[in-house]
Amino acid sequence: MAEALDRLDLKILDRLQIDASESSSEIADRVGLSQSPCWRRIQRLKEDGYIKAQVAVLDREKFGESMYIFAQLKMGRLSDEERDRFMRAVEDIPEITEAYTLFGEMDVMLKVLAPSMGWYQNFTFRTLLRLPGVEDIRSIATLSEVKCTHRLPLPTA
């Protein structure tokens with residue numbers, strides 16, 4: 001799909017990753033286009049699915065102490081219905097900010113935003129271990145955040 005993008009499209013996408021609140025006229029100035037063609041390109045990039053959403057990235061530290069914990073789950077054999085229930089449950093738990101299936105010894109990795117270790121202990125017993133198919137959990141608590149970005153590295157044209 002990336003073959004359809006030219007140098008200007010990539011510059012526009014990079015600007016939007018840096019600050020999506022910029023107007024199309026500000027972006028146009030930064031990438032060397034006039035406002036109307038830039039706006040049309042942005043609309044096409046949205047229609048083509050390159051831009052999924054434009055959101056505000058919040059500073060979690062403003063909401064108090066918290067840490068990310070990576071929970072690796074070992075899953076038992078699930079029916080299609082149980083797997084769907086598991087996926088819906090994960091989607092509905094706001095403290096789970098990301099979820100991935102894995103190759104290897106463990107089957108699923110969850111990124112959990114936890115206010116404290118005590119809270120996470122309760123969350124493990126009251127929520128994670130009650131999810132369909134969960135047999136074992138290995139958790140890794142983070143000490144500090146070294147890098148956090150939503151900015152994708154784009155090819156250079």
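Tyr-120 and Phe-123 both belong to helix 5, three residues apart, about one turn of the helix (helices are DSSP runs of H or I, at least four residues, numbered from the N terminus). The model is predicted, so local features need pLDDT of at least 70 and side-chain atom pairs pLDDT 80 or more, while totals for chains, interfaces and linings use all residues. Residues count from 1 along each chain as its sequence is written, and side-chain values use heavy atoms, without hydrogens and water.

**Exercise 1.** Find the aromatic pairs and classify them.

*Solution.* Start with the rule: rings of Phe, Tyr and Trp (its six-membered ring) pair if their centres lie within 6.5 Å; planes under 30 degrees apart are stacked, over 60 edge-to-face, the rest tilted. A search of the whole structure gives two aromatic pairs. Trp-119 and Phe-123 are stacked, at 4.7 Å centre to centre and 15 degrees between the planes. Next, take Tyr-120 and Phe-123: the centres are 6.4 Å apart and the planes at 35 degrees, so this pair is tilted.

Notes. Helix = DSSP H or I, 4+ residues; strand = E, 2+ residues; numbered from the N terminus.
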